[in-house]
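Biologist: I have a model on screen and want to learn how to read it. Walk me through it, please.

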Amino acid sequence: MAILKENLQNLGFSFRVLESGEIEIPDEISEEELSRLADVLRKYSIYILDDEKSQLVQRIRNILIELVNDNKPQLMTFSYHLSERMGLSYGYLSSLFASQTHYSIEKYIILLRIERAKAMIIEGRLTLKQIGATLNYSSVQHFSRQFKKTTGLTISSFKRIIELKKTANS
């Protein structure tokens, strides 16, 4: 966020940081200024979402990240939660997401859960059962199968690799 703010200030743009973490530029900017800004930001892998569909997909991502990182048990399905939060049908959101990202919302949720699981395994504070429960898996077996299918590694192999890296860095 700091890089983005600094570059916007250096280029002389006024802006607001929204509650969602997005940045809004309230003033009209020319195509040339937009192009210059896009070039600067691209160096940091930051992209301007200037069309409505891209913005909706980013909102979907943000909501899913929030849901996966929430440590509370899921009382609603992801599909119901998304539809309620965005005020649009899940069918439309799912189709839009797949057309823009080339993978389904369900696959994205799995990727988010596995990335979070990897971080939790590396931390080493929770058991596999606790990690699975935190990420709303129905069982350790389901969690383990999905981990292997997604990463290509068993959880034990992943742990061994982490231990080897820690030992090598010591």
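**Reading the model**

Modeller: Start with Asp51, which sits in the loop between helix 2 (31-42) and helix 3 (52-69). Helices (H or I, at least four residues) and strands (E, at least two) are DSSP runs, numbered from the N terminus. This is a predicted model: local features need pLDDT of at least 70, side-chain atom pairs count only at pLDDT 80 or more, and totals for chains, interfaces and linings use all residues. Residues are numbered from 1 along each chain as its sequence is written, and side-chain values use heavy atoms, without hydrogens and water.

Biologist: Why does Asp51 count as partly exposed?

Modeller: Buried means under 20% relative accessible area, exposed over 50%, partly exposed in between (1.4 Å probe, protein chains only). Asp51 has 32% relative accessibility, so it counts as partly exposed.

Biologist: Which loop holds Ser89, and why is Ser89 classed as partly exposed?

Modeller: Ser89 lies in the loop between helix 4 (78-86) and helix 5 (90-101). Its relative accessibility is 44%, so Ser89 is partly exposed.

Biologist: How many helices and strands does the protein have?

Modeller: The protein has 9 helices and 2 strands. Their order from the N terminus is α-β-β-α-α-α-α-α-α-α-α.

Biologist: What radius of gyration does the protein have?

Modeller: The radius is taken over C-alpha atoms, and the globule rule is 2.2 Å times the number of residues to the power 0.38. A compact globule of 170 residues would come near 15 Å, but the protein has 20 Å. Its C-alpha trace spans about 55 × 45 × 25 Å along the principal axes.

Biologist: What share of the residues is buried?

Modeller: Buried residues account for 29% of the 170.
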